[in-house]
Amino acid sequence: MKRFVLFVLMLFTVQFSFAQDKSANELFYNMREKLGSVKDYVADVKMKIDISFMRIPTLYGKLYFKSPDKMKLERNGGISILPKRSVNLTLNNLVPSGNAAVIAAGEDVLHGRKVHVIKVVPDNDANGIVLTKIWIDADRLLALRTETTTRDNGTISMDLQYGRYVNVSLPDKVTFYIDVKDFKVPKGVTMDYDGGESAVVKKDVTAKAKKGVIKIEYLNYKINTGLSDKIFEEGKN
């Protein structure tokens, strides 16, 4: 009798786990389908980079995106201080494409909303993604937080806030948390900007300064205008 009860419990656990993973699978692909409705966009952005050993003035520029994975950032003056291999500054580039194994990882609360947490393992890491953990608002099919482990850029965490463009899954604000060790630090102590401001690099850089924060505010979007591939071939960052 005990063996029978144990067998039933194990069977129930397996079925429950399967149902959870199936639900997580549907949630992921539905979210990705909504995200895929945006084929390209141009956004005016305001960017603040917070690194403990640098004082960097606020940067302004344009962010170009074209599906599936093209991205270009044009800064209005300033030095190049993005990671050596370039952080993917769009949600589209941090969500695995193609087939993937999706695993339910519980629930959480973000910004006062109940969210489902899933883990996504792509069938191949051709785009450099090894694993992505996503916090999804199931009612609106929105990713509110992601934690992506990449082959070349370490782990990139991202928090997203939505507003004017929530219907097409485009955020108003994004905060990235990345590894500072991948940054290109300018030579010398001071680098001048076109606007007369300076990026000051402190001389006492320590091993403790391992994390950096990039805050991007999207001031406006132009969506699905049919961007040419040439935009991404010229003046690459």
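## Rings and loops in a predicted model

User: Hello! Is Y221 buried or exposed?
Analyst: Welcome! A residue counts as buried under 20% relative accessible area, as exposed over 50% and as partly exposed in between, with a 1.4 Å probe and protein chains only. Y221 has 8% relative accessibility, so Y221 counts as buried.

User: What should I know about this model and its numbering?
Analyst: This is a predicted model, in which local features need pLDDT of at least 70 and side-chain atom pairs count only at pLDDT 80 or more, while totals for chains, interfaces and linings use all residues. Side-chain values use heavy atoms, with hydrogens and water left out, and residues in each chain are numbered along its sequence as written, starting from 1.

User: How many helices and strands does the protein have?
Analyst: Helices (H or I, at least four residues) and strands (E, at least two) are DSSP runs, numbered from the N terminus. Counted this way, the secondary structure comes to 3 helices and 13 strands.

User: What kind of aromatic pair do Y41 and Y221 form?
Analyst: Rings of Phe, Tyr and Trp (its six-membered ring) pair if their centres lie within 6.5 Å; planes under 30 degrees apart are stacked, over 60 edge-to-face, and the rest tilted. A search of the whole structure finds 5 such pairs. For Y41 and Y221, the centres are 5.2 Å apart and the planes stand at 85 degrees, so this pair is edge-to-face.

User: How many residues apart in sequence are the parts that Y41 and Y221 tie together?
Analyst: Y41 belongs to strand β1 (residues 40–51), and Y221 belongs to strand β13 (residues 211–223). Y41 is also buried, at 2% relative accessibility.

User: Which residue forms a stacked pair with Y218?
Analyst: Y218 is buried, with a relative accessible area of 2%. The ring of Y218 and that of its partner are 5.2 Å apart, centre to centre, with 10 degrees between the planes. That partner is Y221.

User: Which residue lies over the face of W135?
Analyst: A charge sits over a ring if NZ of Lys or CZ of Arg is within 6 Å of the ring centre and within 35 degrees of the ring normal. Here the distance from the ring centre of W135 is 5.6 Å. The residue is R145.

User: Where is the cis peptide bond that involves P68?
Analyst: P68 is in the loop between β3 (59–66) and β4 (70–75). The cis bond has an omega of about 5 degrees, and the residues it joins are S67 and P68.

User: Is H111 buried or exposed?
Analyst: H111 is found in the loop between β5 (100–110) and β6 (113–122). Its phi is near 55 degrees, a positive value in a residue other than glycine. With 54% relative accessibility, H111 counts as exposed.

User: And S169, is that residue buried or exposed?
Analyst: S169 lies in the loop between β9 and β10 (173–179). Phi of S169 is near 60 degrees, again positive in a residue other than glycine. At 4% relative accessibility, S169 counts as buried.
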